[in-house]
Amino acid sequence: MTIKELITHAQTDVANTLNLYFDQSLNTDETIKAATHYSLMNGGKRLRPFLVYATGKMLGADKQDLDVLAAAIECIHSYSLVHDDLPAMDDDELRRGRPTCHIVYGEAHAILAGDALQALAFELIAKHNFSCSAKAQVKMIAELAHASGLQGMVAGQGLDIAATDKVITVAELERIHKLKTGALISCAITLGALCSNNVSQNTLENLATFGYAIGLAFQVHDDILDVEGDTVTLGKPQGSDIAANKATYPALLGMLGAKEKAQNLIQQAHTALANIDADTSALASLANYLIERDH
């Protein structure tokens, strides 16, 4: 099965899990429910759910456990996008070719939809009867909270805002993206691994190295696409980072330097996978795909 087919399977599985929740009769406002569901069904790549599934399957985890974790991390990712798109943040009207949540439902409902998605992520994990231990379940909640919050994604977003219209170094840019993008990508891998009862410390350490490398490579390639891509393929305005005066890898390293950095990071990712005693082929294919994609 090709990497695109594997990703499509992950997209289908996580969408089914999320739709099961929203198909219930929920005691809530119907507009908020609609806005929250709209924000989840956003045509995304579902990279983080794929990483949950691929890592967990590689280590023999239970599929139903992985479904819940994939859905939870997608809730966190989707909430961050809803809030990122708001006028007070990136002020984007398009997300993957569709009107953003606040354009369709208004700012107040978009803020509440994001809040609801964040809470739902932890509700899904806390309520599920996992095959692994309760201790592992608590660790999953802690890992996701850390990756999402003040020392993870939110920290990266704050640093990103602070760096707008300023000249920063490559090291400072890496710190931003390690937190803003990389933390949740690494967390997806960790969540998949925590579902397994047979994961070694060596495997966890090499998966962490892999997660860091692909998380940064993903962002470097995004920066490249912002320059070389087109609006239709990207699903957002081409050149939006430049227009917003944001620091990017092509701006700091030049286009050739940025592409070399992405290649070096993917090589680091493959080296880490070679140290893991399991079938890492799906993760290896994903690493290559990240710097070959056009959106």
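**Second largest pocket.** I looked up which helix gives most to the lining of the second largest pocket: α3 has the largest share, 6 residues. I take helices (H or I, at least four residues) and strands (E, at least two) as DSSP runs, numbered from the N terminus. This is a predicted model, where local features need pLDDT of at least 70, side-chain atom pairs count only at pLDDT 80 or more, and totals for chains, interfaces and linings use all residues. Residues are numbered from 1 along each chain as its sequence is written, and side-chain values use heavy atoms, with hydrogens and water left out.

I then listed the helices that supply at least two residues each to this lining: α1 (3-22), α3 (47-58), α4 and α14. The pocket's volume is about 500 Å³. Of its 23 lining residues, Leu6, Tyr53, Ala54, Lys57 and Ala282 are the closest to its centre. By class I get 12 nonpolar, 7 polar and 4 charged. Here Ala, Val, Leu, Ile, Met, Phe, Trp, Tyr, Cys and Pro count as nonpolar, Asp, Glu, Lys and Arg as charged, and the others, Gly among them, as polar.

My search used a 1 Å grid over the protein atoms alone: a cavity is a set of points where a 1.4 Å probe fits but cannot get out, a pocket is an open set with protein on both sides within 12 Å along at least five of seven lines, and lining residues have an atom within 4 Å of a point. Grid points are joined across faces, edges and corners, and a volume is the space filled by probe spheres set on the points.

**Cavities.** I found 2 cavities of 30 Å³ or more. α4 has the largest share, 3 residues. The classes are 5 nonpolar, 4 polar and 3 charged.

The second largest cavity holds about 30 Å³. Among its lining residues are Asp160, Ile168, His177 and Ala247. α9 gives the largest share, 3 residues. I count its classes as 5 nonpolar, 2 polar and 1 charged.

**Ser78.** Leaving out residues up to four places away in sequence, Ser78 touches Ser39, Leu40, Asn42, Arg46 and Leu117. Contact means heavy atoms within 4.5 Å.

**Helix pair.** I checked how α13 (residues 249-274) packs with α14 (residues 281-290): the angle is about 175°, and the axes are 10 Å apart. Axes are lines fitted to C-alpha atoms, for helices over the stretch in contact, and angles run from 0 to 180 degrees between N-to-C directions. The two are therefore roughly antiparallel (angles over 145 degrees). Ile266, Ala269, His270 and Leu273 of α13 meet Leu283, Ala284, Ala287 and Asn288 of α14. That contact has 6 nonpolar, 2 polar and no charged residues.

**Positive phi.** Asp91 is not a glycine, yet its phi is near 55°. It lies in the loop between α4 and β1 (94-95). Asp91 is partly exposed, at 46%. Asp165 also has a positive phi, about 70°. Its place is the loop between α8 and α9. Asp165 counts as exposed, at 59% relative accessibility.

Conventions:
Parallel < 35°, antiparallel > 145°, perpendicular 65-115°, else oblique. Buried < 20%, exposed > 50% of the residue type's maximum accessible area, 1.4 Å probe, protein only.
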